[in-house]
Amino acid sequence: MSAQPGHHAPVPPYGIAPGAPAELLAQLRGSERAQRWVPAFEGEWAAALEESRSTFSLAPLYEVVQVWQARLASAPAVDAFLISGKDDSGFVDLAEIRGRRR
């Protein structure tokens, strides 16, 4: 019997570095999006910490750090795309699709 609930992503064979959350938070505080991103990260981190306490699993904490590292790393590419003025009208509108299902 496993101690981890089935709805979590498996814990990677390597953990996050002990200082990774603090380093990530410092990077978020220095970004142009700090006003939105810092409270969002802190909220997700607090929820993951609470879940980790109740499940005895570090997976929620690892997931929060990995997701935010990816967001931070992809931000310059997203900015470049938005600035380029490229036409994104060919992309799927998920809100429209969700509206059709109802």
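Tutor: Start with the word patch. Nonpolar side chains such as Val, Leu and Phe are joined into a patch within 5 Å, provided that each residue has over 30% relative accessible area and no salt bridge. Keep in mind that this model is predicted.

Student: Which residues make the nonpolar surface patch here?

Tutor: Val 78, Phe 81 and Leu 82 make a patch of about 260 Å². Phe 81 belongs to helix α3, residues 59-84.

Student: Why is Phe 81 called partly exposed?

Tutor: Its relative accessibility is 31%.

Student: What makes Ser 57 buried?

Tutor: Buried means under 20%. Ser 57 has a relative accessible area of 2%, so it is buried. Ser 57 sits in the loop between α2 (34-55) and α3. A polar atom of the Ser 57 side chain lies 3.1 Å from the backbone nitrogen of Ala 59. The cut-off for a polar contact is 3.5 Å.

Student: How do you know that the span of α2 agrees with its 22 residues?

Tutor: At 1.5 Å a residue, α2 should span 32 Å. The expected span uses one less than the number of residues. The end C-alpha atoms of α2 are 30 Å apart, which agrees.

Student: Which residues of α2 are buried?

Tutor: They are Ala 34, Trp 37, Val 38, Phe 41, Ala 48, Ser 52 and Thr 55.

Student: What makes Arg 29 and Glu 42 a salt bridge?

Tutor: The rule asks for a side-chain nitrogen of Lys or Arg within 4 Å of a carboxyl oxygen of Asp or Glu. The closest N and O atoms of Arg 29 and Glu 42 are 3.3 Å apart, and the pair forms a salt bridge. This pair links distant parts of the chain: Arg 29 is in helix α1 (residues 20-29), Glu 42 is in helix α2, and they are 13 residues apart. Glu 42 is partly exposed, at 37% relative accessible area.

Student: How many salt bridges are there by this rule?

Tutor: The count is four. One of them joins Glu 44 and Arg 71, at 3.6 Å from N to O. That pair also links distant parts of the chain, with Glu 44 in helix α2 and Arg 71 in helix α3, 27 residues apart. Glu 44 is partly exposed at 31%. Arg 71 is partly exposed at 33%.

Student: What separates Arg 53 and Glu 50 in helix α2?

Tutor: About one helical turn, because they are three residues apart in α2.

Student: Why is Arg 53 called exposed?

Tutor: Exposed means over 50%. Arg 53 has 54% relative accessibility, so it counts as exposed. Glu 50 has 48%, so it counts as partly exposed.

Technical notes:
Residues are numbered from 1 along each chain as its sequence is written. This is a predicted model: local features need pLDDT of at least 70, side-chain atom pairs count only at pLDDT 80 or more; totals for chains, interfaces and linings use all residues. Side-chain values use heavy atoms; hydrogens and water are left out. Patches are made of residues with over 30% relative accessible area and no salt bridge: like charges are joined within 9 Å, nonpolar side chains (Val, Leu, Ile, Met, Phe, Trp, Tyr) within 5 Å. Accessible areas come from the Shrake-Rupley method with a 1.4 Å probe; for residues, only the protein chains shown count as cover. Helices (H or I, at least four residues) and strands (E, at least two) are DSSP runs, numbered from the N terminus. Buried means under 20% relative accessible area, exposed over 50%, partly exposed in between (1.4 Å probe, protein chains only). A polar contact is a pair of N or O atoms within 3.5 Å; within protein, one must be able to donate a hydrogen and the other to accept it, and residues adjacent in sequence count only if both atoms are side-chain atoms.
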